[in-house]
Amino acid sequence: HTLHRFIMLPPLGGFCTCLQLLALLALLATGHGERTGSEAKGRQLMQVKVAQVAPETQAQHFLHQLRLESGDGEDKVGDANGTARELALKPLEWRVIRRFPPLVSPSGPRNASCGYVGLRFPQLVSRNQSTMDAFYRYACGSAADFFITDPTLAMTGIMTSLEQGCLNLQPWPDMIRASNRTHGEYLYRSCGAPRGEHCSAQDFSAAKVTPITVDEDVLTVSSLRSWPKMDYQHALLDFLSPAWIASNGFRQELLNGSVKMLAVTPWQVEMLKALGMPEDAILQVDIGEYSADSPQLVLCSKRSLHLFRPAGPEGRRLPELPFRDRRLYSDFWHRLFNWQVRGEITHAITAFAGLKEPSASGEIVFLQRCTDRRPIANEQEALSLTRSALTAANRSELLTSVCGSREDFLEQISEMRTARLVIGAHGGALANLLFAPKNAGVLEFVGTAAAHAGLAGMWPPYKSYWYGGAGAAFKFYRVVLYDADADGNWTLKLPDYELALQEWLATEKPLQHSEGSLL
């Protein structure tokens, strides 16, 4: 069906069809109807209407601008002194569409041993003082500058529209730029002379670039490619909340099909549909999972790109790391939106699916790994310990053990939205915290440096869904360590877990039925 949309001529009959065929042959003869080698480079496009006449024109101009700004261009504009200067483009004109309060009060109390604990890092629970001291040295010492996000800062969501513009769909943590012939700006991480850096514009050579030109108004957030087998959690962490905030300003246009929402992975599509977005309102470009040899992709619209990004108070630009800084997710400000809009997203999905409101009693949701991939050897012991602690405390909450990998999307939401406490190891299943109610607590199992040694991807010690302050949206959030034993198996420190569980039981009184809905 998609192939027919690209190549079939409308059935206008006889003479008109002959004229259409002659016109198509003329285009092919002049080269204007041919696809470039980079366009056909193994990328599958779904539900994308590609312009048939010179689709590379906008993209080539976009790439030319990048090369001029990077210092790689041979035809730079010269000033009166003969010095090469960058091509000057006007900045984009942004407008604030939503404001968010700080997650943490700027004047609130701070941890006496390390002021970053409770801000950029979660609170660790351990009975061993040397373990606590090592964590404080990490959070306020070697990792003090790992995150530059700040939960004490008020934030905004801002948008702009760019007529006949282009956007490069980059793998993180590379730069993301949007521009047309008059206006342009880096949306995430910039480079070039203003920052004293040299952009690697050679990455945008013709051999590596796949230009995609569409004849649609496109709504886009700074979508990120996923690491292999991580599409689900990154669609939750890095796409769903920004997409929800941005789409609220285009609700009618999305419903009537005059604007399309860009999605670049299958799970992004599924989550937009779960929100109630019509399928024909989604512009899906399957860019695949990121790998080192993936081609760079440039999306151009012959109409307008509507762009969303997070910003500081009154729309001011947020701090960001240098181009290609290897701290990866350390300046992902959009993650601080996640648990501020979680109730809205959960309500929208459950209402569209026709799910009933949850009971007010709440549950203790224990997320098990249920896989051979990074298992915790004594997970069942931790589950038994939880059951015993609840019984001893005479708590009425139902303890539910969940294997997220064995449930569909709506089943996972149904389990999570009734939770008073969510317990589990850092991993994909815990990304479902996005659907936890506003009064839920979190006990997360995180690893030591020894446990994470040799893992592919970004695995610093204490890696947590707190993510530089995003977890501060929860009123109770504790992490407990697992370590590697002599055989390399991950083992949770059960005495520390029991202590953390007792802290939650002491902090959270049993929920009364009269308190109503959890959402």
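A definition to begin. A cavity here is a set of grid points where a 1.4 Å probe fits but cannot get out. Its volume is the space filled by probe spheres set on those points. Keep in mind that this is a predicted model.

Now the cavities. How many cavities of 30 Å³ or more does that rule give? The count is 6. The largest cavity holds about 300 Å³ of space.

What lines the largest cavity? The lining has 20 residues. Nearest the centre are Leu187, Tyr188, Arg309, Pro310 and His334. Strand 14 has the largest share, with 4 residues. By residue class, the lining of the largest cavity splits into 12 nonpolar, 3 polar and 5 charged.

The crossing of helix 5 past helix 7 is right-handed. Who makes the contact? From helix 5, we have Asp231, Tyr232, Ala235, Leu236, Phe239, Leu240 and Ala243. From helix 7, we have Pro266, Trp267, Gln268, Met271 and Leu272. That contact divides into 10 nonpolar residues, 1 polar and 1 charged.

Next, helix 5 with helix 8. Their axes come within 11 Å and cross at roughly 85 degrees. Angles of 65 to 115 degrees count as roughly perpendicular, so helix 5 is roughly perpendicular to helix 8. Helix 5 contributes Leu240, Ser241 and Trp244 to this contact. Helix 8 contributes Glu344, Ile345 and Ala348. Sorted by class, the contact of helix 5 with helix 8 has 4 nonpolar residues, 1 polar and 1 charged. Note Leu240: that residue of helix 5 is in the contact with helix 7 and also in the contact with helix 8.

Last pair. Helix 8, residues 342-353, packs with helix 10, residues 409-416. Here the angle is about 125 degrees, with 11 Å between the axes. That makes helix 8 oblique to helix 10. Left-handed or right-handed? Helix 8 passes helix 10 in a left-handed crossing. On the helix 8 side, the contact residues are Thr346, Ile349, Thr350 and Ala353. On the helix 10 side, they are Phe409, Leu410 and Ile413. This contact of helix 8 with helix 10 has 5 nonpolar and 2 polar residues, and no charged ones.

That's the tour. Over to you.

Note on methods:
Residues numbered from 1 in each chain as written. Predicted model: local features only at pLDDT ≥ 70, side-chain atom pairs only at ≥ 80, totals over all residues. Heavy atoms only, no water. 1 Å grid on protein atoms, 1.4 Å probe; cavity = no way out; pocket = protein on both sides within 12 Å on 5 of 7 lines; lining within 4 Å. Helix = DSSP H or I, 4+ residues; strand = E, 2+ residues; numbered from the N terminus. Nonpolar A, V, L, I, M, F, W, Y, C, P; charged D, E, K, R; others polar. Axes fitted to C-alpha atoms, helices over the stretch in contact; angles between N-to-C directions. Parallel < 35°, antiparallel > 145°, perpendicular 65-115°, else oblique. Left-handed = near helix turned anticlockwise from the far one by under 90°. Contact = heavy atoms within 4.5 Å.
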